[in-house]
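Hi everyone, thanks for coming. Let me put the structure up, and then we'll walk through a few parts of it together.

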Amino acid sequence: MALRLHRVDSRPVIQLEQVTKTYPKASRPSLDNVSVSIEKGEFVFFIGPSGSGKSTIIKLLLHEITPNKGRVIVNSKDVTSMRSWKRPHFRRSIGCVFQDFRLLPNRTAYENVAFALEVIGKTKAVARRVVPEVLELVGLGGKEHRYPHELSGGEQQRVAVARAFVNRPLILLADEPTGNLDPDTSIEIMRLLDRINRTGTTVVMVTHDSNIVNQMRRRVIEIESGRIVRDQARGVYG
Amino acid sequence: MRMKYVLSEVLVGLWRNVTMTIAMIITMAVSLTMLGASGLMYRQVNDMKDLYYKNIQVSIFLSQEVTDQQRTDLETQLKSDPLVKEVLYVNKDEAYKRFQEMYQDAPDLVNAVKPDQLPESFRIKLVNPEQYKNIYDQYKDTAGVDEIVDQSRLLDKIFDILTAIQNIALAAAVVMAIAALLLVANTIQVAAYSKRREVAVMKLVGASNWFIQAPFVLEAVVAGLIGALLGLVALILAKYLLFDGSLQALEGLLSPVSWGDILFVFPFMAVIGGLVSAVTAWVTLRFYLRV
């Protein structure tokens with residue numbers, strides 16, 4: 001009962017209302033009349049075969065693309081009608097991790113994370129205080145001054161997670177974060193994302209790694225051909 | 001710290017692609033020199049026009065059979081004409097005196113002409129010398145008028161030549177400017193490509209658009225300003241070598257180019273060079289980075 005009350009009170013941090021997105025020149029929509037609501041602090045998997053429209057959701061949430069129909073609401077802001085000049089500030093409340101890490105090869109782990117702070121106007125002093133802390137949190141203490149090519153894939157992804165989390169975003173989006181990693185390393189990254197989730201950060205993860213989904217037992221939303229075919233609270237890959 | 005970051009990015013950017021940077025600066029410099037030169041010529045031609053037109057007269061020669069009535073009618077008409085500033089009547093004796101003075105080196109010619117043969121005339125100064133045509137149309141058919149001669153038509157030929165040179169310089173400036181624009185666009189594209197990873201991360205973590213664009217735009221502006229400075233140097237050299245050197249013989253005809261004139265056109269060159277580069281870079285980035 002208490003749980004239900006809590007749910008009614010809190011506003012969803014992410015809301016897709018009857019969203020349809022058709023890319024130009026595509027024969028069928030990538031997302032077809034999709035409605036999803038994600039509460040603050042949830043951990044959600046989007047699963048489905050390649051081309052099912054999972055990554056389109058990430059792009060919509062980042063305001064990289066706009067839907068043809070419907071509304072996308074993130075942090076109670078209507079992303080659909082957001083002017084493009086407001087996008088940079090909006091993005092600061094969202095952390096993002098990708099399959100290919102997207103680290104800067106000519107910068108150390110520390111510099112990669114500090115770069116993300118400095119380009120949004122934080123001072124070097126702030127970076128000196130915050131960056132070692134977050135690198136410690138992701139388990140890279142002592143490897144701050146290694147370059148990406150001196151780190152393993154799992155360690156590189158940890159740097160990427162640190163960079164995504166250093167601003168304490170409300171939402172962490174992860175687009176196949178374990179796609180390039182072996183199973184053991186993948187589990188470690190998932191533990192890390194779980195720990196970040198426990199700080200109250202909403203985590204939205206797109207994946208087709210069935211092992212991971214089955215182990216985590218979190219909410220699973222399955223998409224096929226642009227439609228939601230399953231939405232299960234403690235789901236498995238199925 | 002952010003200013004320091006932006007400035008160091010600008011220097012690194014200019015140095016990374018140094019051959020392209022040099023090409024960009026040179027075309028920019030040539031274009032701006034041409035622009036400055038045509039600006040100087042514009043001032044020059046205007047100065048000369050002021051100087052010459054002030055002293056220009058229109059002569060209305062009267063026919064031999066002109067009656068006293070016609071002459072006084074014409075004089076009152078001219079004096080009440082709003083286009084006319086001054087009217088001076090020259091009778092046959094005075095005309096002969098002037099003729100003698102003008103051709104005193106050719107006594108044979110002077111002896112061959114009798115005072116009676118020279119026409120009397122009105123010498124008039126116009127309020128605006130360029131309205132000669134109106135005067136001509138108005139008086140050419142008036143009774144007693146033989147011929148209307150305008151000195152400014154001769155000068156117009158000289159000014160036509162100067163204006164043509166000015167236009168050629170301006171055209172060259174435009175053509176070079178197009179080349180400079182394309183080079184700026186290309187340089188900015190190369191710079192943006194070599195920094196595509198940084199730009200992608202900056203967009204991802206929410207760096208503001210101006211912060212992403214500033215280093216690229218400033219890179220182009222710095223190149224434009226260096227181009228303008230080189231253009232200034234070129235104009236100074238041109239004054240030394242041409243006006244104070246080989247063209248000095250024409251000094252009586254051409255009014256001299258002063259250092260003040262050159263300093264006057266330089267700010268225009270700098271502003272145009274910087275602004276055009278900035279806009280080109282910005283537009284290129286909008287297409288290329290989609291920020």
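Let's start with chain B: the centres of its domain 1 and domain 2, taken over C-alpha atoms, are 52 Å apart. Domain 1 covers 2-52 + 156-288 and domain 2 covers 57-150, with bounds from an automatic or database domain assignment. Please keep in mind that this is a predicted model, where local features need pLDDT of at least 70, side-chain atom pairs count only at pLDDT 80 or more, and totals for chains, interfaces and linings use all residues. Residues are numbered from 1 along each chain as its sequence is written, while chains are lettered from A and ligands numbered from 1 in the order in which they are written.

Now over to chain A. Strand β8, residues 202-206, has five of its five residues buried (20 or more other C-beta atoms within 10 Å of a residue's own, with C-beta atoms placed from the backbone). Strands here are DSSP runs of E, at least two residues long, and helices are H or I runs of at least four, numbered from the N terminus.

Which strands pair with β8(A)? Pairing takes at least two DSSP bridges. Strand β3(A) runs parallel to β8(A) with four bridges, and β7(A) is also parallel to β8(A), with five. Val203(A) is the bridge partner of Phe43(A), and Leu172(A) stands opposite Val203(A) too.

Last, the chains meet: 15 residues of chain B contact 16 of chain A, counting C-beta atoms, placed from the backbone, within 7 Å. On chain B's side, α8(B) gives the most, with seven residues. Thanks, everyone!

Terms used:
Buried ≥ 20, exposed ≤ 12 C-beta atoms within 10 Å, placed from the backbone. Contact = placed C-beta atoms within 7 Å.
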